[in-house]
Amino acid sequence: MGEDGVTIEFLSKEKLETDGFDEKLDFVLEKVKDDAVLVLSEAWTPKEKRELIQASMEQIDDDFPGVEFMGLDPSDNRLERAKSFVFDTVLGQDYRSGLTIVGNSRVMEKMKEEKHSISFLAKLEDDE
């Protein structure tokens, strides 16, 4: 965490696609352990979310309390389901619209997740 505030990083889907999921997970955890809040331009699957929780729990210690995350996933509307079908069936690619926000539990609080909106308070702690 910087001296003047919380770092919020916005990461494109293309940046996240360059490696496999394990590398993406390691990248996210390293950033979050440094108290950054990441805004990822993709929705994570339930399996990926479980793996994030598991990996973060294995790394919990005095300096890292774990992660908080939330997301917007518009896949419940008909157009998004059609796009997903075309990408999966015709192009053989994974279509992931939406957002995932991941942050350190020490930094993120008062999270509110609704169908079409997300809000949270990123707090600064003075450890001294």
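**Pairs and neighbours in a predicted model**

Colleague: How many salt bridges does a search of the whole structure find?
Modeller: A reminder before we start: this is a predicted model. Side chains of opposite charge can pair when their charged atoms come close. When the whole structure is searched for salt bridges, the number found is four.

Colleague: Let's look at one of them: which side chain meets Glu9 in a salt bridge?
Modeller: The N to O distance in this pair is 3.2 Å, and a salt bridge needs the nitrogen within 4 Å of the carboxyl oxygen, so the pair counts. Glu9 belongs to strand β1 (residues 8-11) and its partner to helix α2, so the bridge ties together parts that are 22 residues apart in sequence. That partner is Lys31.

Colleague: How far apart in space are Lys31 and Glu9, C-alpha to C-alpha?
Modeller: Along the sequence, Lys31 and Glu9 are 22 residues apart. In space, their C-alpha to C-alpha distance is 9.1 Å.

Colleague: Is Lys31 buried, partly exposed or exposed?
Modeller: Not counting residues up to four places away in sequence, Lys31 touches Glu9, Ala36 and Leu38. Its relative accessible area is 26%, and the middle class runs between 20% and 50%. Lys31 is therefore partly exposed.

Colleague: Which residue forms a salt bridge with Glu42?
Modeller: The closest N and O atoms of this bridge are 2.6 Å apart. Glu42 lies in the loop between β2 and α3 and its partner in helix α2, so the pair ties together parts that are 18 residues apart in sequence. The partner of Glu42 is Lys24.

Colleague: About how many helical turns separate Lys47 and Glu51?
Modeller: These two form a salt bridge, with their closest N and O atoms 3.5 Å apart. Lys47 is exposed at 52% relative accessible area, whereas Glu51 is partly exposed at 24%. Both lie in helix α3, four residues apart, so the separation is about one helical turn.

Colleague: Now for rings: how are the planes of Phe21 and Trp44 arranged, stacked or edge-to-face?
Modeller: The structure holds one aromatic pair. The ring centres of Phe21 and Trp44 are 5.4 Å apart. Their planes meet at 70 degrees, and an angle over 60 sets the class, so the pair is edge-to-face.

Colleague: How many residues apart in sequence are the parts that Phe21 and Trp44 tie together?
Modeller: Phe21 is in helix α2 (residues 21-33). Trp44 is in the loop between β2 (37-40) and α3 (46-58). The pair therefore ties together parts whose separation in sequence, in residues, is 23.

Colleague: And is Trp44 buried or exposed?
Modeller: Phe21 has a relative accessibility of 18% and counts as buried. Trp44 has a relative accessible area of 3%, under the 20% limit, so Trp44 is also buried.

Colleague: Over the ring of which residue does the charged end of Lys33 sit?
Modeller: The charged end is 5.8 Å from the centre of the ring. The ring belongs to Phe64.

Colleague: Which residues is Ser56 in contact with, leaving aside neighbours within four places in sequence?
Modeller: Ser56 has its place in helix α3. With a relative accessible area of 3%, Ser56 is buried. Its contacts beyond those close neighbours are Leu29, Phe64 and Val67.

Colleague: About how much accessible area do Ile53, Met57 and Ile60 have together?
Modeller: These three form a nonpolar patch on the surface. One of them, Ile53, is found in helix α3, and Ile53 is partly exposed at 37% relative accessible area. Together, the accessible area of the three is about 280 Å².

Colleague: To finish, what percentage of the residues of the protein chain count as buried?
Modeller: The chain has four helices and six strands, running β-α-α-β-α-β-α-β-β-β from the N terminus. Its accessible surface comes to about 8200 Å², with 49% belonging to carbon and sulfur atoms. Of its 128 residues, the share that counts as buried is 30%.

Definitions and conventions: Residues are numbered from 1 along each chain as its sequence is written. This is a predicted model: local features need pLDDT of at least 70, side-chain atom pairs count only at pLDDT 80 or more; totals for chains, interfaces and linings use all residues. Side-chain values use heavy atoms; hydrogens and water are left out. Rings of Phe, Tyr and Trp (its six-membered ring) pair if their centres lie within 6.5 Å; planes under 30 degrees apart count as stacked, over 60 as edge-to-face and the rest as tilted. Helices (H or I, at least four residues) and strands (E, at least two) are DSSP runs, numbered from the N terminus. Buried means under 20% relative accessible area, exposed over 50%, partly exposed in between (1.4 Å probe, protein chains only). A charge sits over a ring if NZ of Lys or CZ of Arg is within 6 Å of the ring centre and within 35 degrees of the ring normal. Patches are made of residues with over 30% relative accessible area and no salt bridge: like charges are joined within 9 Å, nonpolar side chains (Val, Leu, Ile, Met, Phe, Trp, Tyr) within 5 Å. Accessible areas come from the Shrake-Rupley method with a 1.4 Å probe; for residues, only the protein chains shown count as cover. Contact means heavy atoms within 4.5 Å.
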